[in-house]
Structure formats: C-alpha cells, structure tokens
Amino acid sequence: MSLLEVTDLSVVYEPKGGEPTYAVKDVSFGLERGEFVGLVGESGSGKSTLGFAITRLSKPPARIAAGRIVVAGRDIAGLADEELRRQRQGGFAMVLQSGMNALNPVRTVRHHFFDIFAAHGHVDRRRREARARELIGKVELVAGVLDRYPGELSGGMRQRVSIALALSLEPQLRVFDEPTTALDVLVQHAVMGTIRELQREEGFTALLISHDLGVVLESTSRVMVMHEGQIVEDGSARQILSAPAHPYTQMLLSHYADPRAEVVELPGLAVRGGTIQTASTQVTAGQVDAAGAPAPSAVRTGVSRSLAREPVVIDHLSKVYPPPRRGQARVVAVDDVSFRLEPGQSMALVGQSGSGKSTIAKLVTGVERPTSGTVHVGDLQVDRLRRGALRDLRRQVQMVFQDPYSALNPLHSVEYTLTRPVVNFSGLRGREARARVLDLLDLVGLNPVEQFAAKLPHQLSGGQRQRVVIARALACDPQVLIADEPVSMLDVSLRAGVLALLEDLRVQLGMSMLYITHDLLSARVVTDRIMVLHEGRVVESGETAQVLRFPTDPYTVALLDAVPQPGRAGGAA
C-alpha cells in the first residue's frame, strides 16, 4: 500500500505586483511504505517546492493551486492548521537544508527537543530528558550535545540534530531536503550513512531531495528526476544509471567522474589523463556554456596580460587560535605547513572542513597573521606588511569567494561593482574605466556586456554571479588568484563552465592559482599539483593525477572513498 499519493499537484508563486510562476506543474507520483526514494534536479527545478508542498510547509507567495496530497489515506492538501499539527504526529516531517538556519541560535539543543515535546504533548514531562538522550544517540551524537547551542556545533553535528528532531514525532514519511549541502565529503558520507541506517532500522518512508545525482544514486533504490517543475524520469537507481532515457538525466550523469580514473573527462573541460596536462580548454568565440553565457574567446583585446613572475613561498607556517571557551584547548588551525606555488602553476589545497585550507588563504592574503613561519609573495613578506604595503599585495593576490550570493552587494549594479577596483587599482576614470569594465565582462563570458553591466545581482543566475566575482578579482590584473571553493554552491551543469573559465583564464593571463576545495574531482581537472591537509598538517602532496590515482596516506584514501559515485549505486539492487 502506498503511504504517499500525489496526484496532479501544481504549486504557484504569486508575488505582489508580479506575474504568477508555476514551480510545480501537474506532478503525480506515489511512495510505498518503507521505500527510500531520491528526487534530483538543479536549482529552480521545483524539487524543494515539491518537498515543502507535500509536508504542507509552503509559505506565501507559494500556494498549492491544484492536486491532491494523500498521506496514509488522508488528503492533507486542504487541512486547517490545527488538524495539520495533529496529523504531523506520526505522519510526516521534513529535515531542512541548512542545519544552522533550521535551529534557534539562542536555544540549547535540549530546549529544541522539549519545545517539540510540549507542543505535541506526546512525551510525558518526566520522560523528556530520557527521550531527548535516546534521539540524540540515534544520530550518533553524545548526550553532552544537548547542553550546547547550535553555534557551538559543526555543520555535520547541526544536521544530525535536525535529523533527530525530525525523528521525535515518529513520522511515517520523512523528507530530507538537501541534507548534505555545504558539508565536506567525509561529513556528507557520514550523515548519509546515518540516514540510511535509521531508515533500515525503523522502516519509515524517505524522500531524499538533492541536486547531487551521485549522492542520490548511492543512497536510494528509486530515483525521480525533476526539471522545470515536472518529473521527467522515474525509475530504479540501476536503470537511471545504466540507461537514462531523458536528455536532462543524461546531462546530469555526464558531469560525474571518478577522480581516481586514469582519464577524467567532464563536459567543457580538457581531458585529464594519467599525466599532468597544462593546456587549457580550447573554446572558440560564439560557443555557449552550460550557464547559458557565451564562453570566453581564445583571443582577448583590451585586457592586460601580465604574466606571474614571482612565486608564493610558504615556510613552516603555523596559526594557533586561543581557546574558544574557558577550560578548552587552543585551536591549531595550521601546523608547520611549507610549500611553493610557482609562477603560472595551479595547486589544489584539499581536505575536509577544519583542515586549515581557508586559514592558509587568509594568511597568504594578509587577512590573518601567522603565529609562526613566513609567507612571501615575490619580495613581499606578507606577515610583516601594514596598510599601504597591503594595498600593494592586493594588486598581486586576489580571491574568488565560495558564495556568489553573499559576495556581491545586492544594491550595486555589476558595472559599479567592477568599476570600484578598476578605479582604485588602475587609476582609470570615466570612459576608460567603463571600457575596462566591459572588457572584464567579455573576459569572463558575460555577453552582451552592456546588458550585464546594468544588471543587479538578483537578476543573475548563480553561475553568472560567480563570473562577476571572478571579473572583480581580475580587475587589478593579479599574478595570483586564490579560488576558495568557487563551485561548491553551484549546480553541476554550472560547475564545469566556471571551472573551464578559471583554467582558461589562468593559462591566457599566465596567473598562478591556489585552488581550495574539498571536491577532489574538480581538483583533478583544473590543477597541476595537490596538497592534502588534515588537522592543519600536510599529509600528502605531489602531482594531482599521481596523488589521486595512487594515494599513500590513509586520510587521502578516506577522502576518495567518500566521493559519491553513481557506479556504486548502493541502493540500486
């Protein structure tokens, strides 16, 4: 018997003063009791809107326009709030995407559980503490977590708390909306392992919503693919992997590869074989990438091309932070790290969250000062620079940030955003500054340049925003580009376009690039050398292909084993 039956469901967004937009259009499907099903699609496909609709968590301007949502034989689409609240007890629950945003930062974890118990009255007051400890244990956390605030927990711990809260009402249907987004590969692997184990033990019906087809294929027995508000394919994980029928599903699969393979090939990127290849992707003018923007042309005019002339030298670098709370130990973020980034070279820093990757970026850019050791960019000793000298460093070293949504001021146009560094670093004014801005937009493939110059950030896609961030970093013609997780928040079809752009620009402009990531596949396709960081120390380094194909350190092996691979298709049997 089906636990969930969705029939001809449509969800419309009706903003005040705007045109209504249908995010979900005539969707029908069913979930059997005890089934673990994946729902995959890129941003804007309607998958999260569907998840919120079937758990009745949609908020204005979203509205269920038509259709039926039957859970355990009862249509919940039109239930009033009080009836809906009663239905959630033993009925359905949702684990939201961001563990931090889903939790109240001024309430301890224990209070989160007690609030749910009090609201639904299903746990006797005398048993609340024992029940909270039982639930926190089910997600493999210690009881001491109950005394802590969300801000004191790691991303993976917060997500486990969210899962435990969803378990507290013992729902038959549990919807997991991007439960591993923004988590590093090891934590992602552990969280998904916890979800799978709980589903096997308790036998609840699960719907896993994700943009990561690899995660879905590994974890679920059945996969639904959503595109432009509709389910375009529905089949077993094995069937989707071996014989995808819809072109959109085929496109999603084409963006996965094993970083350990002898030859790695992704759409729009140069093939990386067993030996290092430094040639960039060859793209001709007029081609269009996956983001819908013209790809960068092979020959540029109007943009300076100063080749990197100086190496970046890190010598016995350490960074120690004071104890976060009284009685706790100090935090060693970087521990005796040394390396050399040669002019024009690309190097990856990889490791899970907390390994020290981003701290090294802050030390190289002068944002933080080391506890010991030195950082040299050419003749500049970064750890000794002050004020005006730091400005000179900014001319040579620039960063591309992880989150393209928060990296741009929402009130400023693209032209204004790019004009500021052009004026500050090149001294150009008026028409010359505008010409430079348009050249930068052309350089990163945002054409027609005049139209993009006038846009505000909210009028751009995620891939287009990241291109603007890259253009801003290039405005002062740097010798070194530090890319800190530049594609971690982008859909798979957009990642290849941004990675190809970074590689193309690195070769064309002769820049050095320090590429910071926990994504070993992207490191394989865009870097020459790699360093693996664990707890602030370098545990392995060398040519990228050599290290990833033949790892020697157990931590590197663990990182590679945790990479989602559709070929493993754990739930497909």
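**Aromatic pairs and charges over rings**

Analyst: The count comes to 3 aromatic pairs, where rings of Phe, Tyr and Trp (its six-membered ring) pair if their centres lie within 6.5 Å; planes under 30 degrees apart are stacked, over 60 edge-to-face and the rest tilted. The model is predicted: local features need pLDDT of at least 70 and side-chain atom pairs pLDDT 80 or more, while totals for chains, interfaces and linings use all residues. Residues are numbered from 1 along each chain as its sequence is written, and side-chain values use heavy atoms, without hydrogens and water.

User: Why is the pair of Phe113 and Phe117 called tilted?

Analyst: The ring centres of Phe113 and Phe117 are 6.3 Å apart and the planes stand at 40°, so the pair is tilted.

User: What makes Phe114 and Phe117 a tilted pair?

Analyst: For Phe114 and Phe117 the centres lie 6.4 Å apart with the planes at 35°, so this pair is tilted. Phe113, Phe114 and Phe117 form one aromatic cluster.

User: Why does Phe114 count as partly exposed?

Analyst: Buried means under 20% relative accessible area, exposed over 50% and partly exposed in between (1.4 Å probe, protein chains only). Phe114 has 23% relative accessibility and therefore counts as partly exposed. Phe117, at 0%, counts as buried.

User: Where does the charged end of Arg391 sit?

Analyst: It sits over the ring of Phe425, 5.3 Å from the centre; the rule asks for NZ of Lys or CZ of Arg within 6 Å of the ring centre and within 35 degrees of the ring normal. Lys455 lies over the face of Phe452, 5.8 Å from the ring centre.
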